Amino acid sequence: MYFIVFSLLVVLAVYRFRLTGRSSVIYTYIYIYIYICIYIKIKLEGGVLTTDLYTKPSNLNLYLHYDSYHSNCTKKGIVFSQALRVKMICSDPEKTQQHFGELRSNFQDRGYPSSIVDPACERVQNLSREDLLAGKGRRTRKPVRAPLVVTRNPRLPNLRSIINKYFHILQLSPNLMNVLSSPPQVIYRQPRNLQSHLVRAKLVENVKNVHKGCYKTHFKNCVTCNVLQETDRVYSNATGETFTIFSTITCMSVGVVYLINCKDCGKQYVGETGGELRVRHRGHRQEIRKGNTPLGQHFQICKNFDLIGLQSLVNASKQKREAIELRWIYRLGSLSPVGINVKDVRTVS
């Protein structure tokens with residue numbers, strides 16, 4: 001944008017200098033071309049500034065091929081957007097018609113039928129260039145509709161027409177009428193292609209070299225490592241089930257769902273923390289000294305326990321950590337009176 005403004009200022013400054021009489025030669029005709037990065041050709045001729053579409057000589061016009069797996073809406077949108085681009089850039093109607101003809105030829109070379117290209121060009125031709133350049137102003141926000149996400153497949157029927165045809169049946173239910181006040185919006189998800197099968201967007205570490213489970217750091221004077229149990233499995237004393245730990249957890253891990261196992265009576269407690277595990281363990285030790293929580297009251301009677309990290313949730317929100325915590329409470333059966341937890345597992349989703 002800065003380059004465009006600078007180029008226009010230079011042209012207008014030169015034009016004004018030549019017409020103010022500061023030079024012995026008075027120019028009545030100035031013919032200047034400026035090629036800029038957004039492919040607009042600006043022409044200053046006889047005091048009138050006109051614009052035209054500039055195309056690089058090396059441009060191959062490789063638009064999306066019509067035989068592509070994309071939906072027809074996408075293909076129609078590409079044709080319409082390219083025709084709209086010509087209409088907005090070209091100020092000369094004759095040049096606009098010339099570019100429309102080139103656009104039709106280029107899309108036909110890419111397999112597009114005339115039934116898609118011609119209606120898009122005619123639709124753009126009926127639009128006013130002044131209104132397009134003025135913009136639409138501030139758009140009113142449309143009401144939010146419930147999304148219906150479907151994987152794109154060319155064999156799918158027209159889901160929008162089916163929903164609109166039978167939506168009145170859903171409106172017969174008062175409950176559904178409150179949930180779906182308008183037909184849901186159909187959103188197509190891109191299916192997996194060859195690239196998604198072969199290429200990963202995320203680098204995955206070598207699984208063979210990554211040790212899953214709970215481990216000690218063996219730092220000197222670390223009180224958490226003294227009670228931390230090194231294991232890759234956790235046993236439920238209430239249900240007798242065994243679960244595998246798929247995360248790598250130490251005393252310095254951040255965002256952890258953990259288990260406190262009482263060695264004296266076998267009761268268990270599941271908790272979560274967004275900070276380091278050793279900091280949370282320090283807080284539990286204060287609770288035991290004060291006896292102001294169910295956990296602290298229990299271990300004022302029972303003295304021996306060990307600590308196990310269950311799952312690492314580094315970037316998870318507190319709401320998600322609490323949901324995972326409740327799931328582990330349900331799996332291990334650590335709810336009071338069998339366990340030490342007092343949370344209601346009926347809120348687990």
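At 21% relative accessibility, Asn61 counts as partly exposed, a class lying between buried (under 20% relative accessible area) and exposed (over 50%), computed with a 1.4 Å probe on protein chains only. Asn61 is not a glycine, yet has a positive phi of about 55°. Its place is the loop between strand 3 (48–53) and helix 2 (72–89); helices (H or I, at least four residues) and strands (E, at least two) are DSSP runs numbered from the N terminus.

The model is predicted, with pLDDT of at least 70 needed for local features and 80 or more for side-chain atom pairs, while totals for chains, interfaces and linings use all residues. Residues are numbered from 1 along each chain as its sequence is written, and side-chain values use heavy atoms, without hydrogens and water.

Three strands form an open sheet in the order 11-10-12, with antiparallel pairing; two strands pair if DSSP finds at least two bridges between them. Strand 11 (268–276) and strand 12 (305–312) each have a single partner strand, so one side of each lacks a neighbour in the sheet. From one strand to the next, the twist averages 30°. Strand 10 (residues 254–262) pairs with strand 12 over 7 bridges, and Asn261 has Asp306 in strand 12 as its bridge partner.

Helix 11 (residues 294–301) packs on this sheet, touching strand 10, strand 11 and strand 12, where contact means heavy atoms within 4.5 Å. The direction of helix 11 makes about 35° with that of strand 10; axes are lines fitted to C-alpha atoms, for helices over the stretch in contact, and angles run from 0 to 180 degrees between N-to-C directions. Helix 12 (residues 318–332) also touches strand 10, strand 11 and strand 12, its direction making about 160° with that of strand 11.

In the segment after helix 12 lies Pro337, joined to Ser336 by a cis peptide bond with omega of about 10°.
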